[in-house]
Amino acid sequence: GGYFLATPHRVLRHSSTTSSRTSLPIFYNPKLDVVMKPIDHVDELPWERSQEKQWRRKHNKLINSVGENSFKSLARSHPAVFEKHHGDLRILEDGRIVKQ
(Lines give C-alpha, C1' and ligand atoms only; values in the text may rest on other atoms or scores of the structure.)
Protein backbone atom coordinates (compact mmCIF):
# COMPACT_ATOMS: atom_id res chain seq x y z
CA GLY A 1 0.00 0.00 0.00
CA GLY A 2 0.72 3.40 -1.10
CA TYR A 3 0.78 3.42 -4.85
CA PHE A 4 -2.94 2.80 -5.27
CA LEU A 5 -5.19 4.36 -2.66
CA ALA A 6 -8.24 2.44 -1.53
CA THR A 7 -11.61 4.05 -2.06
CA PRO A 8 -12.57 5.81 1.18
CA HIS A 9 -15.42 3.98 2.85
CA ARG A 10 -17.25 4.14 6.15
CA VAL A 11 -20.48 2.98 7.72
CA LEU A 12 -22.83 5.45 9.34
CA ARG A 13 -25.75 4.54 11.55
CA HIS A 14 -28.89 6.59 10.96
CA SER A 15 -29.59 8.88 13.94
CA SER A 16 -33.09 7.42 14.38
CA THR A 17 -31.68 3.92 14.93
CA THR A 18 -31.20 2.97 18.58
CA SER A 19 -30.17 -0.66 18.18
CA SER A 20 -26.69 -1.80 17.27
CA ARG A 21 -25.98 -2.72 13.71
CA THR A 22 -23.87 -5.30 11.96
CA SER A 23 -21.85 -4.41 8.90
CA LEU A 24 -20.80 -7.01 6.34
CA PRO A 25 -18.43 -5.26 3.95
CA ILE A 26 -17.58 -7.05 0.76
CA PHE A 27 -14.42 -6.20 -1.13
CA TYR A 28 -13.46 -7.63 -4.50
CA ASN A 29 -10.55 -10.04 -4.33
CA PRO A 30 -8.94 -12.25 -6.96
CA LYS A 31 -8.97 -16.04 -6.70
CA LEU A 32 -6.75 -17.33 -3.91
CA ASP A 33 -4.50 -19.25 -6.31
CA VAL A 34 -3.65 -16.14 -8.34
CA VAL A 35 0.03 -15.23 -8.30
CA MET A 36 0.67 -11.50 -8.53
CA LYS A 37 3.60 -10.25 -10.58
CA PRO A 38 5.55 -7.10 -9.75
CA ILE A 39 4.53 -3.93 -11.56
CA ASP A 40 7.04 -2.84 -14.18
CA HIS A 41 8.65 0.55 -13.54
CA VAL A 42 7.14 0.88 -10.05
CA ASP A 43 9.72 3.56 -9.28
CA GLU A 44 7.97 5.79 -11.85
CA LEU A 45 4.61 5.66 -10.02
CA PRO A 46 3.80 8.56 -7.72
CA TRP A 47 3.59 7.68 -4.01
CA GLU A 48 0.11 8.80 -2.92
CA ARG A 49 0.29 8.36 0.85
CA SER A 50 2.01 10.72 3.23
CA GLN A 51 5.03 9.29 5.00
CA GLU A 52 3.56 10.33 8.37
CA LYS A 53 0.66 7.91 7.89
CA GLN A 54 2.85 4.98 6.91
CA TRP A 55 1.29 1.88 8.47
CA ARG A 56 3.48 -0.87 7.02
CA ARG A 57 5.20 -3.29 9.33
CA LYS A 58 8.96 -2.90 9.30
CA HIS A 59 9.49 -6.54 8.26
CA ASN A 60 6.61 -7.54 6.01
CA LYS A 61 7.21 -9.84 3.09
CA LEU A 62 4.62 -9.31 0.37
CA ILE A 63 3.89 -12.85 -0.71
CA ASN A 64 3.00 -13.04 -4.40
CA SER A 65 0.36 -15.76 -3.91
CA VAL A 66 -2.95 -14.06 -3.06
CA GLY A 67 -4.05 -17.00 -0.91
CA GLU A 68 -0.81 -17.15 1.09
CA ASN A 69 -0.81 -13.38 1.59
CA SER A 70 -4.47 -13.51 2.73
CA PHE A 71 -3.64 -16.35 5.14
CA LYS A 72 -0.77 -14.24 6.53
CA SER A 73 -3.20 -11.37 7.14
CA LEU A 74 -5.68 -13.68 8.86
CA ALA A 75 -2.94 -15.19 11.05
CA ARG A 76 -1.73 -11.75 12.12
CA SER A 77 -5.14 -10.24 12.74
CA HIS A 78 -6.62 -13.25 14.57
CA PRO A 79 -3.71 -14.95 16.36
CA ALA A 80 -5.91 -16.94 18.78
CA VAL A 81 -7.97 -18.39 15.92
CA PHE A 82 -4.79 -19.14 13.98
CA GLU A 83 -3.29 -20.96 16.97
CA LYS A 84 -6.50 -22.93 17.64
CA HIS A 85 -6.92 -24.19 14.07
CA HIS A 86 -3.32 -24.24 12.85
CA GLY A 87 -1.25 -25.26 15.86
CA ASP A 88 1.18 -27.04 13.53
CA LEU A 89 2.10 -23.74 11.88
CA ARG A 90 3.83 -20.59 13.03
CA ILE A 91 4.12 -17.13 11.58
CA LEU A 92 7.56 -15.63 11.13
CA GLU A 93 8.33 -11.97 11.84
CA ASP A 94 8.19 -11.14 8.10
CA GLY A 95 4.74 -12.76 7.78
CA ARG A 96 5.66 -16.03 6.14
CA ILE A 97 3.89 -19.05 7.60
CA VAL A 98 5.92 -22.22 8.11
CA LYS A 99 5.48 -25.64 9.72
CA GLN A 100 6.58 -25.86 13.38
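Visitor: In what order do the elements of the protein chain run from the N terminus on?

Guide: From the N terminus on, the order of elements in the protein chain is α-α-β-β, and the secondary structure comes to two helices and two strands. Please keep in mind that this is a predicted model, and that what follows is a reading of that model.

Visitor: How much of the protein chain counts as buried, and what does its accessible surface come to?

Guide: Of the 100 residues in the protein chain, 14% count as buried, while the accessible surface comes to about 9100 Å², with 55% of that surface belonging to carbon and sulfur atoms. As for how the chain meets itself, 44% of the contacts between residues at least 6 apart in sequence join residues that are at least 24 apart.

Visitor: How many salt bridges does the count come to?

Guide: The idea is to look for a side-chain nitrogen of Lys or Arg within 4 Å of a carboxyl oxygen of Asp or Glu, and by this rule the count in this model comes to two salt bridges. In one of them Lys31 pairs with Asp33, where the closest N and O atoms are 3.9 Å apart, and that pair counts because the cut-off is 4 Å. In another, the side chains of Asp94 and Arg96 meet with an N to O distance of 2.8 Å.

Visitor: Are the residues Lys31 and Asp33 buried or exposed?

Guide: Burial is judged from relative accessible area, where under 20% is buried and over 50% is exposed. Lys31 is exposed because its relative accessible area is 58%, and Asp33 is likewise exposed, with a value of 57%.

Visitor: And what of Asp94 and Arg96?

Guide: Here Asp94 is buried, since its relative accessible area is 18%, whereas Arg96, at 36% relative accessibility, counts as partly exposed.

Visitor: Where does Asp33 lie, and what separates its C-alpha atom from that of Gly67?

Guide: Asp33 is found in the segment before H1. Although Asp33 and Gly67 are 34 residues apart along the chain, their C-alpha atoms are separated by 5.9 Å.

Visitor: Where does Ser65 lie, and which residues is Ser65 in contact with, leaving aside its neighbours within four places in sequence?

Guide: Ser65 lies in the segment before helix H1, which spans 66-77, and with those neighbours left aside Ser65 is in contact with Leu32, Val34 and Val35. At 12% relative accessibility, Ser65 counts as buried.

Conventions
Residues are numbered from 1 along each chain as its sequence is written. This is a predicted model: local features need pLDDT of at least 70, side-chain atom pairs count only at pLDDT 80 or more; totals for chains, interfaces and linings use all residues. Side-chain values use heavy atoms; hydrogens and water are left out. Buried means under 20% relative accessible area, exposed over 50%, partly exposed in between (1.4 Å probe, protein chains only). Helices (H or I, at least four residues) and strands (E, at least two) are DSSP runs, numbered from the N terminus. Contact means heavy atoms within 4.5 Å. Accessible areas come from the Shrake-Rupley method with a 1.4 Å probe; for residues, only the protein chains shown count as cover.
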